[in-house]
Amino acid sequence: MERLETVRQKVIECTKCDLCKTRTNSVPGKGNFQSEVVFVGEAPGRNEDKNGEPFVGVAGKKLSAALEEAGVSRDEVYITNVVKCRPPNNRVPSTKERSTCQEYLKKEISIIKPKIICVLGNTAFNSILGGSEITKFRGKLVRKDKQLYFLTIHPAATIYNQELISTLEGDIAKLFDLIRELKNDKQVPIDIEYTS
Ligand code: URA
Ligand code: SF4
């Protein structure tokens, strides 16, 4: 089994897709390798590209605030993205970029073995579960191949829509309620069962 540090190093040096040509820094995942939950966003933005860390810009502040509201600090959890390098002008990463980069996310998940993967927004929903219309499915718990996924909106969606802040906060609170129940070996209600 590879170590998280090895994956991190590979991401930093990676030149497997063209995004390596325009990035300032790759952005490997960051946080607690023993976390019960892994948060997965879309791709680094400008601040993340500058700093080499995920969710450090305005969207990151929204995520941190929602975590704090749920009584959780950022360093208790692990935060990463589908694609580890910033797409020029923050365009949505292409299917090819996502599939080229997916081995890193897969490794992060297989090392951390989170109880729940929290899918942030449409791009992550589409990349990880083939889904679309996150606003319709947010707040739901999905099971696929024995792995649980919790769906919510992308924190950036709350920047220009204040009403969505309470949506995000409510979802994150529910996520940690679910995690608490799982830790106590309680049954949790699965909203969607994927068969593959
Ligand atoms: N948006 C994302 O999807 N990921 C980040 O790391 C920052 C903003
Ligand atoms: Fe490598 Fe992923 Fe960066 Fe592409 S986006 S260069 S696959 S780390």
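F39 and F176 are both buried, where buried means under 20% relative accessible area, exposed over 50% and partly exposed in between (1.4 Å probe, protein chains only). The model is predicted, so local features need pLDDT of at least 70 and side-chain atom pairs count only at pLDDT 80 or more, while totals for chains, interfaces and linings use all residues. Residues are numbered from 1 along each chain as its sequence is written, and side-chain values use heavy atoms, without hydrogens and water.

Rings of Phe, Tyr and Trp (its six-membered ring) pair if their centres lie within 6.5 Å; planes under 30 degrees apart count as stacked, over 60 as edge-to-face and the rest as tilted. F39 and F176 form a tilted one, with 6.4 Å from centre to centre and 35 degrees between the planes. Because F39 belongs to strand β2 (residues 37–41) and F176 to helix α8 (residues 163–183), the pair ties together parts that are 137 residues apart in sequence.

Overall, the protein chain contains eight helices and seven strands, taken as DSSP runs (H or I, at least four residues, for helices; E, at least two, for strands) and numbered from the N terminus. Its C-alpha trace spans about 45 × 40 × 30 Å along the principal axes. Of the 196 residues, 48% are buried. Among contacts (heavy atoms within 4.5 Å) with a separation of 6 or more, 72% involve residues 24 or more positions apart.

Conventions. Chains are lettered from A and ligands numbered from 1 in the order in which they are written.
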